[in-house]
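Hi,

Here is the structure I promised to pass on. Have a look first, and my notes follow below.

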Amino acid sequence: MALLNVRDVSIGFGGALVLERISLQIERGERVGLLGRNGVGKSTLLKMMAGQLEPDEGIIARQQGLRVAYLTQEAPQGLTGAVADVVAGGLDAAAAGDDDASWRRRLQTDTILSRMQLDPAADFELLSAGLKRRVLLARGLVRDPDIVLLDEPTNHLDIDAIAWLEDFLLRYGGTLVFVTHDRVFLQKLALRIVEIDRGRLVDWPCDYATFTARKQAILKAEAAQEMQFDKKLAQDEAWIRQGIEARRTRNEGRVRALEQLRGQRRERREQPGALRMQLQEVERSGRLVIRAEDASFSYGNRPVVRDLSTTLMRGDKVGIIGPNGSGKTTLLRLLLGELPPQSGTVRHGTNLEIAYFDQLRAQLDEDRTVLDNVADGREFISVNGRPRHVIGYLEDFLFSRERARVVANVLSGGERNRLLLARLFARPANVLVMDEPTNDLDLETLELLEDLLLEYEGTVLLVSHDRELLNNVVTSTLALEGAGRVGEYAGGYDDWVRQRASPRESASPTPAEKAASRLVPSPPTAETRARPERARGLTYREQREMEALPGRIETLEAEQSQLYRVMAAPAIYQEGGDAVVQATARLAALEQELAEAYARWGALDGQESTLDSQNRVKGAIDDDR
C-alpha cells in the first residue's frame with residue numbers, strides 16, 4: 001500500500017485553480033524531485049501532503065500512523081535555546097513522571113544529534129544559516145518519519161553544507177519528496193521526477209538528466225500538434241464565414257465538429273510565458289579590468305583577505321566560492337573599490353560600467369512599486385539605445401500590468417529576484433557583478449540566466465553556491481579557504497575540487513611557497529617538478545597579429561552568417577548547381593579559416609598569459625625573500 005495517496009485534488013486561492021484534479025502516490029523508499037516554475041503550487045502541494053493545508057476538492061489518504069517531517073523554506077519563528085532542546089521539540093511530549101518515556105526521548109535526541117554532527121549545547125539563534133537548516137532537519141528526523149518533505153533545502157546554504165546534506169540524505173535511506181532549484185542536488189538524489197505543469201501533475205519515472213531530454217522531446221511534439229490543431233481550426237473558421245454553404249444540412253456535422261474544436265481551444269492551458277532577458281550593449285572596457293597586488297583586509301583581528309594578488313582581464317568570468325560568513329561579499333567590495341585595502345593595492349582599468357546584483361536585495365525600495373524600482377517614475381526606459389515602455393519591458397520578466405503596479409514588499413522571493421534582474425539589465429554595463437543570483441529562481445529562469453551569462457562579452461564576477469552554474473559559466477575561481485587565504489584556480493567548481501591541495505600537502509608552507517601558491521595553487525607533482533622553460537614574450541609582429549585577430553575573426557563570422565542566410569533562401573537553388581557548390585565550398589573554407597584564427601589567437605594569448613604569470617610569481621617570491 002502507498003504511504004500517501006493524493007486523489008483528484010484541486011485547490012485555488014480566489015482566482016484560477018493552482019492545482020486541478022491532480023493525483024499522486026508516494027511509495028516507501030522513493031526519492032521524488034518536485035519541479036515546476038515559481039508560483040505553480042509546489043509549496044502548496046507539500047503543505048497539503050504535510051497536513052497543514054486542506055484541498056478544496058479531492059482526498060489525501062495517508063497510511064495509518066504515518067509520520068511526516070516537513071522542512072519549510074524559512075526557519076519557524078520563535079525557536080530559541082540550546083540545539084538539543086530545539087531538536088527534542090520535534091518529539092511528542094513525554095508523559096509527566098514517565099521515566100521510561102523521558103529516557104527514550106533523550107536517547108532519540110542524542111542519536112540524531114550524533115548522526116548529524118551537531119553540538120547539543122550550541123545556541124540555536126547564533127548558528128549560521130547552514131547549521132540552522134541542519135538543526136531543523138534533525139528536529140524533523142528525530143521522530144523517525146515515514147516521509148520527509150523538503151522545500152528548497154539548499155537555499156542560503158554554502159557549497160560545503162549542500163555537499164554534507166547530499167551525502168546525509170543519500171545515506172538516510174528514507175522516503176523523500178523535495179523541491180529544489182539545485183541541478184546537481186536534483187541529479188544526485190532524485191530517482192523520480194514529478195512536474196507541476198499548467199495545474200496538472202506529470203510523472204516521470206527517471207532521473208533529472210533523462211527527464212530533461214524527454215521533456216524537450218515532449219514539448220517539441222506538443223508544439224507541432226498544437227500547430228496542426230490551430231491550422232485546422234483556422235481553416236474551419238474561414239469556411240463557416242462563407243455563410244450559406246455552411247448552413248446546408250449535409251454540413252451540419254462539420255459545424256458541430258467546429259464547435260468541438262472551439263471548446264477544446266478554450267480549455268487549452270497555454271504554456272506560461274517565457275522569461276525574456278537581454279543585456280544592454282555598452283562600450284567595451286579597457287583590456288585590464290581589475291588588478292590586485294598583495295591586497296589585504298581584516299575585521300579587527302580576523303583576516304578576511306590576505307595578500308591577494310590577481311588580475312582580471314576583459315571577458316573573464318570569475319566565480320567566488322567559500323563557506324557562509326567567510327567574506328565573499330567583502331572580497332567583492334574590495335575588488336570593486338567599495339572597500340579600500342588595508343595593505344597592498346587594487347587598481348581598476350578604464351571605462352568600467354559596473355552593474356551589481358545584491359543578494360540582500362538592498363537595491364530594492366520596499367515602499368515603491370515594481371514600476372518605480374525599475375524606471376524611477378519614467379514611462380519609458382532606454383534599451384540598447386531604443387526607447388521602450390516600462391510595462392512591456394517588465395512583461396519580459398513575467399510581471400503582468402497589474403503586478404507591475406504593486407509595491408515591492410508584497411512580492412515573493414522569486415518575484416523579487418526577477419525584479420532585481422529587470423533593474424540590473426535596464427542599465428548598460430560591461431562588468432556584471434552577481435552575488436547569489438540563483439536563490440528563489442526556478443530552473444527555467446536559472447537556465448536562461450546561465451545562457452545569458454555565457455553569451456555576455458563583458459566581465460563577470462559571480463558569487464554562487466550553484467555548482468552547475470559555476471561549472472558551466474566561469475573560467476576561473478577565487479576560493480576563500482580560511483585565515484584570509486584566497487586561492488585562484490582555473491575553471492569552475494569541479495576543477496577547483498580537483499586542483500585544491502589536501503590539508504597535509506598545504507601544511508606549514510614557506511614564505512616563498514605562500515607567495516607562489518597565490519598564483520599556482522596546485523602543489524607540484526612528480527611530473528611537474530622539473531623547472532619549466534622560461535616563456536618568452538610576444539614580438540612586435542606577434543603583438544600586432546594578436547591585436548588584428550579579433551577583427552579578422554569578426555569579419556569571417558559575418559561572412560559565414562551571410563552565407564548561411566543566402567543558403568537558407570530558395571533563390572540560390574533556382575540559380576543552378578554552380579551557386580550552391582560555390583557557397584558550400586566557401587563555407588567549408590570559412591570554417592577552416594576560423595578554426596585556424598581561433599587556434600592562433602589562443603596560442604598567442606596563452607603565451608602572453610604564461611609570461612605574465614611567471615613574472616608575477618617571480619616578483620612575489622622575490623618580495624618574500
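The chain's secondary structure comes to 20 helices and 20 strands (DSSP runs numbered from the N terminus, with H or I of at least four residues for helices and E of at least two for strands). Please keep in mind that this is a predicted model, where local features need pLDDT of at least 70 and side-chain atom pairs count only at pLDDT 80 or more, while totals for chains, interfaces and linings use all residues. Residues are numbered from 1 along each chain as its sequence is written, and side-chain values use heavy atoms, leaving out hydrogens and water.

Of the 625 residues, 44% count as buried (under 20% relative accessible area; exposed is over 50% and partly exposed lies in between, with a 1.4 Å probe and protein chains only). Taking contacts (heavy atoms within 4.5 Å) between residues at least 6 apart in sequence, 69% join residues at least 24 apart.

Now to one of the sheets. Three strands form an open, antiparallel sheet in the order S11-S10-S13 (two strands pair if DSSP finds at least two bridges between them). Its edge strands, S11 (302–313) and S13 (343–348), each pair on one side only. Neighbouring strands here are turned by 15° against each other on average, direction ignored (axes are lines fitted to C-alpha atoms, and angles run from 0 to 180 degrees between N-to-C directions). Strand S10 (residues 288–299) is joined to S13 by five bridges, and Glu293 has Thr345 in S13 as its bridge partner.

Next, Ser43, which sits in helix H1 (residues 42–50). Ser43 is partly exposed, at 23% relative accessible area. Leaving aside residues up to four places away in sequence, Ser43 touches Tyr70, Gln73 and Asp151. Asp151 is 108 residues from Ser43 along the chain, yet their C-alpha atoms are separated by 6.8 Å.

Finally, the inside. There are four cavities of 30 Å³ or more (a cavity being a set of points on a 1 Å grid where a 1.4 Å probe fits but cannot get out, with lining residues having an atom within 4 Å of a point). Helices H4 (129–141) and H5 (159–172) each supply at least two residues of its lining, and H4 gives the most, with four. Among the lining residues of this largest cavity are Leu71, Arg133, Arg134 and Trp164.

Happy browsing!

Conventions
1 Å grid on protein atoms, 1.4 Å probe; cavity = no way out; pocket = protein on both sides within 12 Å on 5 of 7 lines; lining within 4 Å. Points joined across faces, edges and corners; volume = space filled by probe spheres on them.
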